[in-house]
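Hi everyone, thanks for having me. I'd like to walk you through one protein model today, so please have a look at it while I talk.

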Amino acid sequence: MTADEYCQDKAAKSGSSFYYSFRFLPAQQRQAIIALYAFCREVDDTVDEISDPGVARTTLEWWREEIQRTFKGEATHPVGQALQTALQNFDLHEEYFMEIIDGMAMDLDQFTYAEFNQLALYCHRAASVVGLLSVEIFGYQDRNTLKYAENLGMALQLTNIIRDVREDAERGRIYLPLDELKQFNVNTDDLLALKSSAELVEFLKFQTERAKQYYAKAMAILPEGDRYTQRTGLIMAAIYEATLDEIVNDDFQVMKHRVSLTPIRKLWIAWRTARNEKRLHQKRNTH
């Protein structure tokens, strides 16, 4: 198995929405984004699947060293080797990869977030930085596209948090700001006991509104001239917003089951969004 095949396998097995958005990219960009995504999966799995925090910490440190080796052209892991190919084609910053690892390391030390500012730092490291690297791969002309990536990353991560409340609580984690939970009279012990309540539903409505604001801000900031090159991010946004809408339509029953879209619906949303962006792009170029 080649390094790229390893990454492809890692991406395909995850069943993630990201995978559906990559299918419409040219070969070089697709190789780079799949390598980046495989890296994110590796460090995320380190935290989620290794039960001993000490071993998880050591593994994250190994990944820091592997990233340093990768930027010197000396990678030993298939993901590092695939990233080396990506580095030949795109200007990806080493410190961003380190920030992603910092975000995963937060999961080993922090199980709750006192206020939204703390959570925003986590979202920045876990998602917005991935967006900033992705923007470099997709290409952009206007620096406002970086602000779009930052805001879209926040929106996607907040959507994940809303969707995964139960899953995270099962791991003893609460990614909902404690001060805001208190305002809505949501008991953290009830959350950890996987109990739903009318108060939790009201709180999740509030959190959903915040996520929607980040989506709206991202779309408002994205320069028209960069829309087509950033269509992969727009596909992601469409899939994630559809998931958020499903959660709303399900009356926020996230404690009962995990809401997700079927693969065929994700593929349809991806195809429809890609088609719409192509039409817009052609229209702009004919005027």
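I'll go through a helix, then some aromatic rings, then a cavity. Please keep in mind that this is a predicted model.

Let's start with helix α3, which runs over residues 27-49. From the first C-alpha to the last, its 23 residues reach 31 Å, close to the 33 Å expected at 1.5 Å a residue. Is α3 mostly covered or mostly open? Mostly covered: 17 of its 23 residues are buried.

Now for the rings. A pair of aromatic rings is described by the distance of the centres and the angle of the planes. How many such pairs does the structure hold? There are ten. Let me show you two of them.

One is Tyr113 with Tyr175, a stacked pair with 5.9 Å from centre to centre and 20° between the planes. These two come from distant parts of the chain, 62 residues apart. Tyr113 sits in the loop between α6 and α7, while Tyr175 is in the loop between α9 and α10. Both of these tyrosines, Tyr113 and Tyr175, are buried.

Another pair is Phe184 with Phe206, and this one is tilted, with the centres at 5.3 Å and the planes at 35°. Phe184 lies in the loop between α10 and α11 and Phe206 in helix α12, so the pair ties together parts that are 22 residues apart in sequence. How covered are these rings? Phe184 is partly exposed, at a relative accessible area of 23%, and Phe206 is also partly exposed, at 31%.

You can find a cluster of aromatics too, formed by Phe39, Trp62, Trp63, Phe71 and Phe97. Look at Trp62 in that group: the charged end of Arg69 sits over its ring, 5.2 Å from the centre.

Last stop: the inside. The count comes to one cavity of 30 Å³ or more, and the largest cavity has a volume of about 50 Å³. Which residues line the largest cavity? Among them are Ile161, Val165, Asp168, Arg173 and Leu191. By type, the lining divides into seven nonpolar, no polar and two charged residues.

That's my tour, and I'm happy to go back to any part of it.

Notes: Residues numbered from 1 in each chain as written. Predicted model: local features only at pLDDT ≥ 70, side-chain atom pairs only at ≥ 80, totals over all residues. Heavy atoms only, no water. Helix = DSSP H or I, 4+ residues; strand = E, 2+ residues; numbered from the N terminus. Expected span 1.5 Å × (residues − 1). Buried < 20%, exposed > 50% of the residue type's maximum accessible area, 1.4 Å probe, protein only. Phe/Tyr/Trp six-rings, centres within 6.5 Å; stacked < 30°, edge-to-face > 60°. Lys NZ or Arg CZ within 6 Å of the ring centre and 35° of its normal. 1 Å grid on protein atoms, 1.4 Å probe; cavity = no way out; pocket = protein on both sides within 12 Å on 5 of 7 lines; lining within 4 Å. Points joined across faces, edges and corners; volume = space filled by probe spheres on them. Nonpolar A, V, L, I, M, F, W, Y, C, P; charged D, E, K, R; others polar.
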